[in-house]
Amino acid sequence: RKNLWWLSTGSKNLDSILGGGLESQSVIEFAGPYGSGKTQIAHQACVNLQCPERIIADEKLKEEILDNPKAVYIDTEGTFRPERIIEMAEAIGLDGKEVLKNIKVARAYNSDMQMLYAEKVEELIQKGENIRLVIVDSLTSTFRTEYTGRGKLAERQQKLGRHMATLNKLADLYNCVVLVTNQVAARPDAIFGPAEQAIGGHIVGHAATFRVFLKKTKGDKRLARLYDSPYLPDAETTFRITEKGVHD
Ligand code: ADP
Ligand code: MG
């Protein structure tokens with residue numbers, strides 16, 4: 001793949017297990033229980049897109065990326081917080097209000113809206129918007145509530161598969177970073193449960209390029225584990241989430 005670039009997560013440790021950061025032309029899934037930090041990572045990515053030091057690309061490409069880059073945040077749970085964006089931005093010396101202006105937030109109340117918003121991103125790009133980051137937080141919650149029970153499983157996986165195809169296409173065609181979150185049940189008996197435990201396991205697992213499982217530990221510390229990557233080894237690291245945001 002040509003013209004790859006990386007967006008830092010804000011944590012060198014986390015960037016390192018990802019092979020340099022959030023990689024363009026791929027869909028990166030952050031899975032983990034409630035409160036493990038998925039939404040925080042998504043917020044931090046939006047902030048980091050406005051920070052030249054946090055974009056890793058060769059000179060010419062970096063110039064293109066930095067030409068008024070925008071993030072799309074598809075929020076299915078109503079957990080996007082503008083004030084948190086401002087807090088994270090100011091912690092790294094950016095103008096919080098300016099950063100906010102470059103995030104297009106779309107609140108999706110059901111899976112049809114969620115899928116439609118993802119499809120609309122292409123139109124925005126074709127209109128000339130320099131969209132470089134697409135977030136779906138969460139990828140699976142609407143599907144989980146709308147398609148319950150065994151009888152709906154096939155339909156759910158089929159729709160989720162279609163949605164993932166849309167996201168993969170955006171990543172590939174427009175050299176974007178696509179970040180999705182996926183809530184999985186906490187497992188007291190194991191640090192990390194099997195990948196299949198994640199809702200939508202099979203489909204998501206095969207359509208996301210990178211899968212990272214998160215777990216909250218003591219205080220502000222988090223564990224992250226890269227799982228089932230096609231060309232990177234499974235790896236584990238720690239990072240922190242504080243008032244400043246995501247960092248080592
Ligand atoms: P989820 O994985 O459910 O999306 P979140 O990303 O919402 O989890 O993480 C929520 C956690 O992030 C909180 O429990 C807290 O530990 C941390 N957090 C959120 N905002 C702040 C903040 N302003 N200062 C410090 N920690 C924060
Ligand atoms: Mg969340």
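Helices here are DSSP runs of H or I with at least four residues, numbered from the N terminus. In this predicted model, helix 2 contributes three residues to the shell around ligand 1, the most of any element.

**Shell around ligand 1**
- Ligand 1 is surrounded by 15 residues, and the closest are Gly35, Gly37, Lys38, Thr39 and Gln40.
- At least two shell residues come from each of helix 2 (38-48), helix 4 (82-91) and strand 11 (235-242).
- By class, the shell holds six charged, six polar and three nonpolar residues.
- The largest pocket is where ligand 1 sits.

**Polar contacts to ligand 1**
- Lys38 places an N or O atom of its side chain 2.7 Å from an oxygen atom of the ligand.
- Gly37 uses its backbone: an N or O atom there is 3.0 Å from an oxygen atom of ligand 1.
- Arg84 has a polar side-chain atom 3.3 Å from a nitrogen atom of ligand 1.
- On its own, ligand 1 has 570 Å² of accessible area, and the protein covers 68% of that area.

- An open sheet is built from three strands in the order 2-1-4, with antiparallel pairing.
- Strand 2 (22-23) and strand 4 (55-56) are the edge strands, each pairing on one side only.
- Strand 1 (residues 6-7) and strand 4 run antiparallel and are joined by two bridges.
- Opposite Trp6, strand 4 presents Ile56.

Terms used
Residues numbered from 1 in each chain as written. Chains lettered and ligands numbered in written order. Predicted model: local features only at pLDDT ≥ 70, side-chain atom pairs only at ≥ 80, totals over all residues. Heavy atoms only, no water. Near = heavy atom within 4 Å. Polar contact = N/O pair within 3.5 Å; in protein donor to acceptor, adjacent residues only side chain to side chain. Areas by Shrake-Rupley, 256 points an atom, 1.4 Å probe, with all protein chains shown as cover. 1 Å grid on protein atoms, 1.4 Å probe; cavity = no way out; pocket = protein on both sides within 12 Å on 5 of 7 lines; lining within 4 Å. Sits in = over half its atoms within 2 Å of the grid points. Nonpolar A, V, L, I, M, F, W, Y, C, P; charged D, E, K, R; others polar. Pairing = 2+ DSSP bridges.
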